[in-house]
Amino acid sequence: MIRNILAGFSGIVILAATPLAARTLDPDKPEDAVEIMKRAQCGAKDGTPAVYHWTGKIYSRVAGEPDRLLFTGEGMNIRQCATVIDPRRGKGYRQVSREVMLFTDPKTGEVIRNWTNPWTGEAVEVMQIANDPVNVPTAFPYSADGKPFQSHYKRMGQWLAMPLEIPLFYHNVLSGDYQDYVGGQYHAMEIFDFIARADEILDTKNPTAYPSVSWVRISDWMPWMKMRGRQGQLVFNAVGTKLDSFDALPTLLKDEIAAHYPTFRQAPPADDARPNETTWTAFRKWADERRKVSPPPARPAQ
């Protein structure tokens, strides 16, 4: 990090740079709270890629029957952050990323390519999660109406905990135009709990921090499961951490990315303006491509 000093010499303004003294960030100060989150998500330096890895289990939850362990999962997200300065809202940052999550066999750990639905008996092709991009709106110390950033960080001894709940309720792109009347909106909850050593993340002498994270997701069935409107949900539960580099990922993920998702070795460009991709938008493209090869049978005339 640098501090700019202006010095006059023969009528010329010279821009010099000197290191900023290290300091301890204050989670209760909006400017520092945003900087703490940037350090957790990416790092202090713009344009430096950061990689998160997670591993966990995926269960079904259906009323009237025991929960079932359907899959295990291995996932990664590669991202970078860029500083954004607004004259009213302060110094913030934007985050851009891509992510992959593989559905794996709970017994063998291998990637599942085809799966027999235990409720319908139908064999279906598995679509792995590969969303590009997964970008985050710019975070600023102050909102447009001047309200300070609320971090909800919790100091717990030597740890700083950063809980984040994201309720989701929006139009399902696989549905029609009348979902407000007949239902079928996408309904989910994403819960992230980051935890980092306070002395690491709050001390600006450290260029980044390496938090651990727990992730819980409660969502509708994956569309490729072909559940045909059956009642129930999926519950994802995973733990993970930020890694030193892409090369620190498990071999399974690196091999799958090399074979099928080579662009996921790098984060999107910092100025990426594409709309976010979700499992649902990705599935629509995936299903449409398969329909071109094998169209569904025609429906009988009514």
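Start at the second largest pocket of this predicted model, which has a volume of about 1,000 Å³. To find its centre, select Leu174, Pro223, Trp224, Lys226 and Phe283, which lie nearest to that point among the 31 residues of the lining. Next, colour β7 (123–125) and α5 (279–293), the elements that give two or more residues to the lining of this second largest pocket. Keep α5 selected: the largest share of the lining, eight residues, comes from this helix. Colour the lining of the second largest pocket by class and you get 13 nonpolar, eight polar and 10 charged residues.

Now move to the largest pocket. Its volume is about 1,400 Å³. Select Val134, Val136, Leu164, Ile166 and Phe192; of the 45 residues that line the largest pocket, these lie nearest its centre. Which strand gives the most to the lining of the largest pocket? Select residues 159–170, strand β11, which supplies seven residues. By class, the lining of the largest pocket splits into 26 nonpolar, 13 polar and six charged residues.

The chain has five helices and 14 strands. Of its 302 residues, 41% are buried.

Conventions
Residues are numbered from 1 along each chain as its sequence is written. This is a predicted model: local features need pLDDT of at least 70, side-chain atom pairs count only at pLDDT 80 or more; totals for chains, interfaces and linings use all residues. Side-chain values use heavy atoms; hydrogens and water are left out. On a 1 Å grid over the protein atoms alone, a cavity is a set of points where a 1.4 Å probe fits but cannot get out, and a pocket is an open set with protein on both sides within 12 Å along at least five of seven lines; lining residues have an atom within 4 Å of a point. Grid points are joined across faces, edges and corners, and a volume is the space filled by probe spheres set on the points. Helices (H or I, at least four residues) and strands (E, at least two) are DSSP runs, numbered from the N terminus. Ala, Val, Leu, Ile, Met, Phe, Trp, Tyr, Cys and Pro count as nonpolar, Asp, Glu, Lys and Arg as charged, and the others, Gly among them, as polar. Buried means under 20% relative accessible area, exposed over 50%, partly exposed in between (1.4 Å probe, protein chains only).
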